[in-house]
Amino acid sequence: MAAASPEVEAAVGHLAQNGSEVSAIAEDRIAEFGLPTRRTEGWRWTPLRRALEDAGPPWVRPDITTGVDFSLEGLLAAFRPSDTVAALALGLADDAWEYGGGAPLQIDSRSRGTGARIVLNPGQAGVVVQHIRKTEHLQTGAALIDLAPGAELSLVLIFEDSSASRIALNRVRLGTGATYRQFVLTEGAKLSRVETEVDIAGAGAKVELSGVYLAAARRHADLTSQVILNAEDAEVRQLVRGVARKGGRGVFQGRFKVERVAQKTDAQMEHNALLLEEGAEIFAKPELEIYADDVQCSHGNTAGQLDENAIFYLRQRGIPEIEARAMITRAFLIEALPDWLDEAVRGEVEQRIDAWLGAA
Amino acid sequence: MLELKNLHARVTPEDGPAREILKGVSLSVPAGEVHAVMGPNGSGKSTLSYVLTGRNGYEVTEGSATFDGADLLSLPPEERAAKGLFLSFQYPLEIAGVPVMTFVRAAMNAQRKARGEPEISAPDFLRASKAAAQKLKIDPEMLKRPLNVGFSGGEKKRLEIYQMLMLAPRFMILDETDSGLDIDALKVVAEGVNALRGKDRAMLVITHYQRLLDYIKSDKVHVLSAGRIVKSGGPELALELEKSGYDSVTGAR
């Protein structure tokens, strides 16, 4: 049993007040396996303790199983016991939804915690667009996504700016020939993390992970992902772009693990960040771990400042400095928007980026 | 129109100490004239163009530069542009994600706003763009692509002149516009430049070789060497330099 860290103490305190069956299970798991601390690999730049400060006073947990064909306990059982952040998310959940493909699903959420299950049958296609709105309290979410052979899911997650904290976990499993596309826009929060774990279990799967993070002053934005390739012939594309201003912190952690069986893997990871002002922070950790010999894998990672030569070029043409900076930053970020985004979503994302750049 | 008096400037590179590059340049370019500035590598030609357009890191330590009688050096680059100063860059920048036409329209409207003029209408802009592209033999598709990204050296130079035709500046500085151009492209570019000659406009043509001046006729030629203008004359001076080299006028060797 792990020694009770401040993280565990805070989490157990919140869960105990909740008093539901799933929170009791979560409490047990957290007591047994602990929670990530600053010393935990993958959490060094994202101190979970800060998020737990925002859990707020206890609340009356509504009956959330209505209309959902699964129980939160059952959902939690599908996560690894050591995945205690998922346990925390589900233990604090006051909302749940499920999706089986077909008509696009729009989620607009201010809940404290959400448990979600997406199961697409063979050949089924689906689209989910999630807005996590500004709140005064910690928001957690854990989603289990299961894509049967040939299924195809596009998922958009928009984290609206918030002064509280939020954590979202997506655990994805792909069968043969399945496709998973994900785009995340995070405007940051006191502490924010989107953690995606993709398990490629069937041959010929396609994964596209893209994202944009914006970290203004007193904002933290973490995009963390892990793709584990357990089958041959997969194609993985990842492009993340981010910017940070003074007092803002951006975190990118990306890992591709190519197991011995995953021959003919074609995987590319790219992360580029701009530090817009002195005192901005960007932390990046791209990792390739390859055990197969017949693969094409690459990663690129850059963090720098706006090109002053380009700024001068624009100004020489008459564009004022502030606009020149915004124009180049915008173009840099927009390149990470995937072409599969539908027009309305794309328009909204561009608008949010413009608003963020304009609010300097 | 442009008046430089005893201009001294130093450059502070990111990785080294400041160096004085211009050591007292005096020059007067009246409206309606085209002046050439020639000189060996490292003589300060590009520095002169950056000092005039206000690039960061180029610090004027002595002397003055006026445009239409008003001080130029205290203005930020965008205000100089709005007053009609245009630099055709020796190495045009690649601006990823910003299509050529979007960029030029933003520049044009920013200049108009600074001058208190209304924005250009979309049809007027498209008409002007089409005409400029035709004159410079630019494929209209190219104007929809991100500025200079993946363009050849020649295409980039053509696009500089396209921007110049669109923005219709009053004072143009052409910095080594001939570099990277084959003879056919050079003729096309020169034609574009010549289309902007006029009694209310003036130009400073910076070049290493005389070749460009066969196509852009200059009224005066100045030789810049080690940060000073060491000789001025008519167009024949360029021909003389071509024949006997810079050493004959700079006194080197």
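A salt bridge here is a side-chain nitrogen of Lys or Arg within 4 Å of a carboxyl oxygen of Asp or Glu. In this predicted model, local features need pLDDT of at least 70 and side-chain atom pairs count only at pLDDT 80 or more, whereas totals for chains, interfaces and linings use all residues. Residues are numbered from 1 along each chain as its sequence is written, chains are lettered from A and ligands numbered from 1 in the order in which they are written, and side-chain values use heavy atoms, with hydrogens and water left out.

**View 1. The interface of chain A and chain B.** Contact, meaning heavy atoms within 4.5 Å, involves 17 residues from chain A and 28 residues from chain B. About 1,900 Å² is buried between the two chains, with carbon and sulfur atoms giving 65% of it; buried area is the accessible area (1.4 Å probe) that two parts lose on being put together, summed over both. On the side of chain A, the residues that lose the most area to chain B are A:Phe312, A:Tyr313 and A:Arg317, together 39% of what that side buries.

**View 2. Charged and polar pairs across the interface.** The rule finds two salt bridges between chain A and chain B, and B:Glu78 forms a salt bridge with A:Arg315, where the closest N and O atoms are 2.6 Å apart. Eleven residue pairs, both residues at pLDDT 80 or more, are in polar contact across the interface, a term for a pair of N or O atoms within 3.5 Å; within protein, one must be able to donate a hydrogen and the other to accept it, and residues adjacent in sequence count only if both atoms are side-chain atoms. On the side of chain A that touches chain B, α6 (308-316) and α7 (321-334) of chain A each supply at least two residues, and the largest share, seven residues, comes from α6(A). Helices are DSSP runs (H or I, at least four residues), numbered from the N terminus.

View 3. A:Arg317 lies in the loop between α6 and α7 of chain A and, at 0% relative accessibility, counts as buried, where buried means under 20% relative accessible area, exposed over 50% and partly exposed in between (1.4 Å probe, protein chains only). The side chain of A:Arg317 makes a polar contact with the side chain of B:Gln163 at 2.5 Å. Among the residues that A:Arg317 touches, not counting those up to four places away in sequence, are B:Phe86, B:Phe89, B:Phe103, B:Glu160 and B:Leu167.

**View 4. Helix α5 of chain B.** The 15 residues of this helix (residues 153-167) reach 21 Å from the first C-alpha to the last, close to the 21 Å expected at 1.5 Å a residue, the expected span being 1.5 Å times one less than the number of residues. Because 13 of the 15 residues of α5(B) are buried, the helix is largely enclosed by the rest of the structure. B:Ala168, which follows α5(B), has a positive phi near 45°.

**View 5. The loop position of A:Gly42.** A:Gly42 lies in the loop between α2 (21-33) and α3 (48-52) of chain A, and its 16% relative accessibility counts as buried. Although A:Gly42 and A:Lys285 are 243 residues apart in sequence, they are 9.0 Å apart in space, C-alpha to C-alpha.
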